[in-house]
Amino acid sequence: MQCQQCDKPAVFHITELETGEVRELHLCEDHARVYLNQSEAAQEGEEKPAGSGLSGSLAVGQTADELALLDKKACPMCGITFFEFRNQGRLGCPHDYVHVEKELEPLIANIHGGTQHTGRRPERPAAAEGESLAEGTDDLTRVIGLRRSMQEAIACEDYERAREDRDAIRGIEERWLAGPHNEIGTAKADNEIGPAKADNEIGPAKADKATDET
Amino acid sequence: MKLDTLAEDVGEWLRGTGPESDIVMSSRVRLARNVAHYPFVSRMSEQDRGDVERFLRERITASPAGSQLEYIDVGRLEEVDRQFLVERQLISREHAEAQGARAVAIDGREQVSLMINEEDHLRIQCMHSGLDLRGAWEQIKAVDDQIGRVVPYAFHPRWGYLTACPTNVGTGIRVSVMLHLPALVITRQIDKVFRSLHKISLAVRGLYGEGSQAMGDFYQISNQTTLGKTEEELIEQVGDVVPVLIDYERRAREFLVRETQQNVHDQVSRAYGILRTAQTITAEETMQLLSRVRMGVLLGLIGDVKIADINSLLVRTQPAHLQKIRGVELDTKDRNIERARYLRRHFEGGTPQN
């Protein structure tokens with residue numbers, strides 16, 4: 001592909017997202033540098049809406065094909081695609097920081113300067129004894145994906161998978177959310193699909209509700 | 001909580017006390033937190049939204065920090081009441097205007113406020129009067145610790161506290177001070193000051209945060225980065241620049257008095273005159289004039305007004321407050337008349353009556 005402003009090959013592919021409008025730029029190294037400096041100067045002194053300045057730096061250095069592929073990359077937990085994130089400037093769930101870590105890294109470095117948290121750490125919730133926070137909370141975040149999977153299973157009447165998902169959710173939530181607030185943390189799972197009533201409750205009646213949400 | 005009783009008073013942050021309160025109106029620290037087991041707010045289904053609201057409400061109100069707070073269902077409030085909370089800086093405009101399950105919990109002194117289902121699941125803020133970032137930080141840290149013991153905050157060893165927007169990730173902290181800088185505005189030095197603040201990664205905003213216009217010479221200075229430095233370092237980054245700004249503003253005030261005494265005296269006296277006699281007045285003009293009178297009082301050019309009263313008027317002459325105090329809904333035109341009436345009564349002496 002050729003640079004849009006001269007005859008040199010385009011090596012920078014930039015997607016600008018401004019007020020919902022998508023603008024694609026294909027530039028050679030020199031023109032890209034000029035363009036990026038301009039947009040940086042234009043942004044100085046004015047409020048940067050979160051998410052704007054992001055899109056430019058995300059796309060730099062990737063070919064159009066790589067970008068298109070990346071845009072389709074969806075989080076296994078919350079389902080957000082990279083395109084949706086670029087569009088809204090908001091991530092879908094905590095797991096995105098793991099799932100697209102490599103792509104986020106230059107963006108975060110650009111915003112903050114640093115790429116390693118050095119501040120406070122949460123005290124481990126009393127319930128999560130045995131879970132090490134050194135590993136973060138990604139284990140608990142898995143329930144977002146399991147919940148989605150369970151709803152899909154219910155929608156296509158695969159009740160066995162729904163039950164497996166439910167049990168998996170319950171297992172994780174018990175590890176993380178039980179303890180002094182046990183009755184609160186696991187209340188949802190217990191009430192909605194307790195083991196004794198599982199056959200009655202996971203059924204077509206529930207499916208309506210699940211499809212409404214998706 | 002009876003919001004109407006709040007209208008009779010102003011929150012802690014406008015008390016006009018605390019260090020450097022002639023220039024620093026308030027110090028604020030906020031933390032962005034999310035629970036690990038739900039999608040971020042913009043990705044939540046209605047069901048998720050309700051679940052997270054309930055989960056946080058139950059856990060927070062059961063914690064020592066939360067049991068002292070008044071919990072308000074923002075979704076069920078009338079528009080005027082939501083606006084009222086915005087004017088008191090207890091919730092953001094976005095939170096007021098959003099849809100779906102959301103809430104705020106506030107303490108009686110209006111120092112601590114917890115927003116639930118704003119951009120992040122939980123936004124904790126703490127506001128102190130004057131320059132007191134340290135005090136606000138100690139207080140918010142205790143609240144965060146207590147909630148963190150019962151709520152599994154989304155956390156990553158490398159990225160820190162995980163937030164919906166990568167601009168808040170890491171510490172999730174926003175440290176800000178609200179400054180009254182009329183002399184820097186009058187002497188046209190304010191833009192130069194802001195340009196140099198941008199260079200050291202500090203943001204400047206208007207009175208009501210992101211995207212709001214600076215009204216009445218009030219400006220918020222805050223950190224822009226949240227990852228790679230500790231909370232203390234980020235507090236220092238903002239805290240270090242404040243004495244410099246205070247010094248600039250003081251010098252500009254001295255300059256005005258020394259070089260243009262008559263002119264300044266005339267300006268603040270006219271502002272005072274309008275506030276005492278106008279028959280109809282907008283919120284913007286009121287803010288602008290109160291700002292000038294505030295400076296006049298601090299320069300000793302106006303004798304019979306207290307700073308705390310001016311601070312209080314800044315909030316109580318705003319649209320929702322006027323309507324709460326008056327007890328009826330008013331359209332813009334009637335509000336302007338009511339505002340002028342309220343100001344005249346206030347400056348006539350004695351406490352303004354309904």
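**Figure 1. Strands β3(B) and β4(B) pair up in chain B.** Strand β3(B) and strand β4 (residues 112–116) of chain B pair in the antiparallel sense, with four bridges between them. Here, helices (H or I, at least four residues) and strands (E, at least two) are DSSP runs, numbered from the N terminus, and two strands pair if DSSP finds at least two bridges between them. This is a predicted model, in which local features need pLDDT of at least 70 and side-chain atom pairs count only at pLDDT 80 or more, while totals for chains, interfaces and linings use all residues. Residues are numbered from 1 along each chain as its sequence is written, and chains are lettered from A and ligands numbered from 1 in the order in which they are written. Look for B:Ala103: its bridge partner in β4(B) is B:Ile116. The two strands make a hairpin with five residues between them, and B:Glu110 in the turn has a positive phi of about 60°.

**Figure 2. On its other pairing, β3(B) meets β2(B).** Strand β2 (residues 70–73) of chain B runs antiparallel to β3(B), and four bridges join the two.

Figure 3. A nonpolar core is a set of buried Ala, Val, Leu, Ile, Met, Phe, Trp, Tyr and Cys residues joined through C-beta atoms within 7 Å. The largest one has 120 residues, and B:Val104, B:Leu114, B:Leu179 and B:Val293 touch the most other members. Helix α8 (residues 231–277) of chain B gives the largest share, ten residues. Both domain 1 (3–252) and domain 2 (260–352) of chain B put in at least three residues each. Zoom in on B:Leu179 and you'll find that, leaving out residues up to four places away in sequence, B:Leu179 touches B:Ile23, B:Val24, B:Met25, B:Tyr219, B:Ile221 and B:Leu245. Two residues are in contact if their C-beta atoms, placed from the backbone, lie within 7 Å.

Figure 4. Chain B is split into domain 1 (3–252) and domain 2 (260–352), with bounds that come from an automatic or database domain assignment. Their centres, taken over C-alpha atoms, are 27 Å apart. The contact takes 19 residues from domain 1 of chain B and 22 residues from domain 2 of chain B. On the domain 1 side, α1 (3–7), α3 (79–87) and α6 (182–186) of chain B each supply at least two residues. The largest share of that side, four residues, comes from α3(B). Sorted by class, the domain 1 side has nine nonpolar, four polar and six charged residues. For these classes, Ala, Val, Leu, Ile, Met, Phe, Trp, Tyr, Cys and Pro count as nonpolar, Asp, Glu, Lys and Arg as charged, and the others, Gly among them, as polar.

**Figure 5. Chain A touches chain B.** This contact takes 48 residues from chain A and 47 residues from chain B. On the chain A side, the elements that give two or more residues are α6 (101–112), α7 (138–155) and α8 (159–177) of chain A. The most comes from α6(A), with five residues. The chain A side divides into 23 nonpolar, 16 polar and nine charged residues.

**Figure 6. Two loop residues of chain B have a positive phi.** Most residues other than glycine have a negative phi. Phi of B:Arg188 is near 60°, though, a positive value. You'll find B:Arg188 in the loop between α6 and α7 (190–199) of chain B. B:Arg188 counts as exposed because it has 9 C-beta neighbours inside 10 Å. B:Ser201 also has a positive phi, near 60°, and sits in the loop between α7 and β9 (202–205) of chain B. With 14 C-beta neighbours inside 10 Å, B:Ser201 counts as partly exposed.

How values were computed:
Buried ≥ 20, exposed ≤ 12 C-beta atoms within 10 Å, placed from the backbone.
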